Amino acid sequence: MLFIFLLTKPIVLKTCRQLKLTDKEKKIFSVQMFLRIWIGLFIQQQYFTIATVSFNQPKFRTNATWNQYATTFTNQSQIGTSPYALYIDTNNSIYTINLQNGRILIWMNNSTDPNLILYTNLSSSSFSIFVTTNRQIYVGDYSSIKQIIQFSNSYSNQTTTIATVSSSNIYGLFVDLNNTLYCSMYNRHKVVKKSLNDSSSTMTTVAGNGSNGSTSNLLKNPFGIFVDTNFDLYVADRNNHRIQLFRLGQINGITVAGNTSANITISLYYPRNVILDGNKYLFIADGSNHRIIGSDENGFRCIVACSMSSGSASNQLNVPRSIAFDSFGNLFVVDWNNNRIQKFCLSTNFCNRERKKQRFDIFI
């Protein structure tokens, strides 16, 4: 009865200056507010699912650094030649595609060899991959988007086509918090999307219009894409040498890095990929400058492979394609012309910790 009384006893509140409570009312009010907050949190935990992302977005301190000498995570013997696709989930499982044999390779539990190989018979134009929180795998396979079929929570070697696009390579694939799938159409100079909750395969255009150009409403051979929690779209606008931001519902993009930026703080040369960290700062695969760009509150800077010369040494890259973080803040890079995936360790991290840090940790 006391519990019900505390939750239901009305207290008339006016302005802060007019509020005059007796000592008894103050105690009741304090307990009442505490119980309301506690019960609200309990109900939220029991009945509501807080949307989470399936990839890692570490939060870095200002001017964070990475070891300039990478270790080779995997090479041509496993992933074949000219690799593109890369995905790392929040369990630090790593996904890529061997374009020579059409297989998806998955590393789990810090394994040095793939724990799982899916003999999916994908084409040699399977350039992008995305894995959702419920472990659904989607692949951009030339002009179609395919989903790996699961049986009893296990992956099969079979795929089903969920959408098709008109004669275009798909270098960017993304699924947002609303279960909407986006893909970049390289040859058609636009980004399209569809809801995965809708059985229709119809795609709608969200950026670009199919004609190449450099004005704010156009794209030219878009590559990697990223959609943040506000449903704003970032596009690596490859042949315009820039990163474009399209706010939700807007057809005109804002150049946030590279050519046509209002305040050019970093020059890009055929950028291939863009991702965001936990603070919404950009990290860019600056492809033909053979380097990786990062940003923080002080602006843009090169973080690894900063000589801008291609090479195969451990501190060099040769046309980096996809990039991704693990939960420790280590940076993985698909080093396209070197036929390898490189791992650059966060300098304040031991790289091979057994204890997994949460993706929202702040690294020193």
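Author: A residue is called buried under 20% relative accessible area, exposed over 50%, and partly exposed in between, using a 1.4 Å probe and protein chains only. This is a predicted model, in which local features need pLDDT of at least 70 and side-chain atom pairs count only at pLDDT 80 or more, while totals for chains, interfaces and linings use all residues. Residues are numbered from 1 along each chain as its sequence is written, and side-chain values use heavy atoms, with hydrogens and water left out.

Reader: As what does Cys306 count, by its relative accessibility?

Author: Cys306 has 38% relative accessibility, so it counts as partly exposed. Cys302, at 23%, counts as partly exposed.

Reader: What do Cys302 and Cys306 form?

Author: A disulfide is a covalent bond between the sulfur atoms of two cysteines. The test here is a pair of cysteine sulfur atoms within 2.5 Å. Cys302 and Cys306 form such a link, with their sulfur atoms 2.1 Å apart. The angle about the S-S bond is -100°, and the link is left-handed. The structure holds 1 disulfide.

Reader: Which strands are joined to β12 by bridges?

Author: Two strands pair if DSSP finds at least two bridges between them. Strand β11 (residues 170-175) runs antiparallel to β12, with 5 bridges; Phe174 has Tyr182 as its bridge partner. Strand β13 (residues 190-195) also runs antiparallel to β12, with 6 bridges.

Terms used. Helices (H or I, at least four residues) and strands (E, at least two) are DSSP runs, numbered from the N terminus.
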